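The exercises below are meant to be worked through with the sequence and the 3D structure side by side.

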Amino acid sequence: MTEFIAPVVQESTPSIIADKLRQAIASGELEPGAQVGEAGLARRFGVSRGPLREGMQRLTQEGLLISVRNRGVFVNRITDEDVRDTYLAREAIERAAARKILQGDPTAAGDALLTVVEEMAAATGPAEINEVDVRFHELLLELAGSPRLTRMHQTFIVETRMCVDALTDSYPTPGDRVAEHRALAVAIQSGDVELTDKLVIAHMEEAVDRLVSHLPVG
């Protein structure tokens, strides 16, 4: 019989490497299309190539890295189809999260989201705005109180960050971006189910249109 209560094994080196590579891709330290050289990364991580390759293989399976025969390993570029699929999944998850929030205490949830919106309005640069943007949507999932929805959202958080970064220059002014998030927070705060759902859909569709039509994605 398997014993589940047993000494805890520390996180493996390949797992740590995979997590750090995800963070590097999400932050833009490793840009889309950049070649990922084993020798250089092994030196920077201070590890041998064995665990590094295993960590990189995990990201290849996740679609964040791509191996090109006779050329090497590269950070995957976001294609138009990737954008549409990412936002299709986000739309489904965030609509469900918003519905659950509205079944509880929408006023408190709206207040919390508006606090993040004010942080976005006060942000001083694109990188800070992008970070607050992601935090707004992570908070939306947290406020829903559904561990499963949160886990689903986290499975493509790196792709979400890459898309959010790509959106930076597509807004005429940062204020337009703030206004979109404020409208959604206010709809939730007011408990308006129909308007909230409409705004979540519009927010996702607008992002897809901006990314696919106005930016050099793919």
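**Exercise 1. Describe how α4 packs against α8.**

Solution. Begin with the geometry: α4 and α8 pack at an angle of about 115 degrees, with their axes 11 Å apart, where axes are lines fitted to C-alpha atoms, for helices over the stretch in contact, and angles run from 0 to 180 degrees between N-to-C directions. The two helices, α4 and α8, are therefore roughly perpendicular to each other, given that angles under 35 degrees count as roughly parallel, over 145 as roughly antiparallel, 65 to 115 as roughly perpendicular and the rest as oblique. Next comes the hand: α4 passes α8 in a left-handed crossing, a term used if the near helix is turned anticlockwise from the far one by less than a right angle, with right-handed used if clockwise. Then list the partners: V83, T86, Y87 and R90 of α4 meet E159, T160, C163, V164 and L167 of α8, contact meaning heavy atoms within 4.5 Å. Finally, sort them by class, which gives five nonpolar, two polar and two charged residues in the contact of α4 with α8; Ala, Val, Leu, Ile, Met, Phe, Trp, Tyr, Cys and Pro count as nonpolar, Asp, Glu, Lys and Arg as charged, and the others, Gly among them, as polar.

Before going on, note that this is a predicted model, in which local features need pLDDT of at least 70 and side-chain atom pairs count only at pLDDT 80 or more, while totals for chains, interfaces and linings use all residues. Residues are numbered from 1 along each chain as its sequence is written, and side-chain values use heavy atoms, with hydrogens and water left out.

**Exercise 2. Which residues of α4 and α7 make their contact?**

Solution. Start from the arrangement, in which α4 and helix α7 (residues 147-154) pack at an angle of about 155 degrees, with their axes 10 Å apart. Helices α4 and α7 are therefore roughly antiparallel to each other, and their crossing is left-handed. The contact is made by R90, I93, E94, A96 and A97 of α4 together with L149, M152 and H153 of α7. By class, the residues of this contact between α4 and α7 divide into five nonpolar, one polar and two charged.

**Exercise 3. Characterise the pair α5 and α9.**

Solution. Helix α5 (residues 106-122) and helix α9 (residues 174-190) pack at an angle of about 165 degrees, their axes lying 7 Å apart. That makes α5 roughly antiparallel to α9. As for the hand, α5 passes α9 in a left-handed crossing. The residues of the contact of α5 with α9 divide into eleven nonpolar, four polar and four charged.

**Exercise 4. What lines the largest cavity?**

Solution. A search of the whole structure finds one cavity of 30 Å³ or more; on a 1 Å grid over the protein atoms alone, a cavity is a set of points where a 1.4 Å probe fits but cannot get out, and lining residues have an atom within 4 Å of a point. About 60 Å³ of space lies in the largest cavity, a volume being the space filled by probe spheres set on the points, with grid points joined across faces, edges and corners. Its lining consists of Y87, R90, D133, H137, V164, L167, Y171, R177, H181, H203 and A207. By class, the lining of the largest cavity has five nonpolar, three polar and three charged residues.

Conventions
Helices (H or I, at least four residues) and strands (E, at least two) are DSSP runs, numbered from the N terminus. On a 1 Å grid over the protein atoms alone, a cavity is a set of points where a 1.4 Å probe fits but cannot get out, and a pocket is an open set with protein on both sides within 12 Å along at least five of seven lines; lining residues have an atom within 4 Å of a point.
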